[in-house]
Amino acid sequence: MAPMRRDDHAVRAEHESRDNAGEATLRARAVWISDLHLGTPGCQAVALLDFLRRVDCATLYLVGDIIDGWQLKRQWYWPQAHNDVIQKILRKARKGTRVVFVPGNHDEFARRYVEHNFGGVDVVDDCMHDLLDGRRLWVTHGDLFDGVVKHARWLAYLGDTLYDWTLEINRHFNSLRARLGLPYWSLSRYLKLRVKRAVSFISNFETAVAREARRRGADGVVCGHIHHAELRDIDGVLYANDGDWVESLTALVEHLDGRLEIVDWSLPDAALLLAPVPARQPEPTETALPAPVV
Ligand SMILES: [Mn+2]
């Protein structure tokens with residue numbers, strides 16, 4: 001209907017003028033975000049909208065678990081802010097940002113559309129990103145390595161409280177064993193070992209992903225999936241995890257000068273990144289920034 005369309009245009013025009021109100025913007029070569037989990041109450045859509053509004057990049061990588069199809073199948077949850085995130089991303093694509101979507105396990109429905117383009121968004125299984133300095137990064141969600149981390153979550157829950165319980169259970173368990181003439185066997189020690197292993201699952205994941213990146217001839221890897229932002233060297237391979245927008249509100253950014261950085265949007269200092277970058281002048285020196293409060 002025509003009147004509806006006019007309304008849509010009016011709303012959009014209003015949004016665009018608000019967006020172009022001269023707010024400081026972070027300009028970057030590339031930005032990676034993942035694990036937004038749109039369609040779940042956990043998604044921090046408002047913070048994400050704020051981030052997307054303030055960032056302007058040549059390439060935006062959506063590194064999986066963008067829309068949580070698993071949750072939506074169970075229960076429909078789709079507030080306006082989640083719609084706004086999608087609209088914001090599509091608008092970036094219209095305005096010349098190259099948007100690349102690498103589906104994850106929670107939005108595996110999109111894997112059927114790999115090698116297609118929707119509204120300016122390229123859907124790919126995985127891809128390579130060329131850094132300014134010439135290094136190549138393999139971009140993948142990371143669930144390929146689930147074999148490594150499969151047991152991590154429930155084991156992690158065994159943390160504090162349950163561990164105390166196991167000590168108690170262990171006592172009763174072993175007095176029973178003794179009555180049956182069986183030798184002592186430490187349930188708590190057994191479980192503690194498993195929990196310790198859960199902690200190492202994260203590092204196992206990181207090592208496995210980095211190793212695969214090297215096998216593919218890349219200098220590094222960008223992934224998500226485990227909701228744990230990280231940027232470090234693993235045996236000569238750059239391991240970058242862009243984190244998530246459920247708990248940590250993080251993104252990976254390749255600045256215009258080629259510097260890679262994890263931006264933590266939950267920190268008030270994140271605003272420091274938004275100092276407008278002059279076109280052909282050196283960046284402000286560090287002394288221009290307020291001294292950190294220790
Ligand atoms: Mn995932």
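Two strands count as paired if DSSP finds at least two bridges between them. Helices (H or I, at least four residues) and strands (E, at least two) are DSSP runs, numbered from the N terminus. The model is predicted: local features need pLDDT of at least 70, side-chain atom pairs count only at pLDDT 80 or more, and totals for chains, interfaces and linings use all residues. Residues are numbered from 1 along each chain as its sequence is written.

View 1. L60 has V99 as its bridge partner in β3. Strand β2 (residues 55–62) runs parallel to strand β3 (residues 98–101), and 4 bridges join them. On β5, V99 has V121 as its bridge partner. Strand β5 (residues 121–123) is parallel to β3, with 3 bridges between them.

**View 2. Strands β1 and β2.** Strand β1 (residues 26–33) pairs with β2 in the parallel sense over 7 bridges. The bridge partner of V31 in β2 is L60.

**View 3. The open sheet of 7 strands.** The strand order is β4-β5-β3-β2-β1-β11-β12, and the pairing is mixed. At the edges are β4 (117–118) and β12 (260–264), each of which pairs on one side only. Strands of a sheet pair through backbone hydrogen bonds, either parallel or antiparallel.

**View 4. The open sheet of 5 strands.** This sheet has the order β6-β7-β8-β10-β9, also with mixed pairing. Its edge strands, β6 (127–130) and β9 (230–234), each pair on one side only. From one strand to the next the twist averages 25°. Axes are lines fitted to C-alpha atoms, for helices over the stretch in contact, and angles run from 0 to 180 degrees between N-to-C directions. Within the sheet, strand β8 (residues 220–223) is joined by 4 bridges to strand β10 (residues 237–241), and the two run parallel. G220 stands opposite L238 in β10.

**View 5. Packing of helices α2 and α4.** Helix α2 (residues 45–54) packs against helix α4 (residues 80–94) at an angle of about 25°, and their axes are 9 Å apart. The helices are therefore roughly parallel (under 35 degrees; over 145 is roughly antiparallel, 65 to 115 roughly perpendicular and the rest oblique). In α2, the residues A45, V46, L48, L49 and L52 meet A81, H82, D84, V85 and K88 in α4, where contact requires C-beta atoms, placed from the backbone, to lie within 7 Å. The residues of this contact divide into 7 nonpolar, 1 polar and 2 charged. Ala, Val, Leu, Ile, Met, Phe, Trp, Tyr, Cys and Pro count as nonpolar, Asp, Glu, Lys and Arg as charged, and the others, Gly among them, as polar.

Terms used
Contact = placed C-beta atoms within 7 Å.
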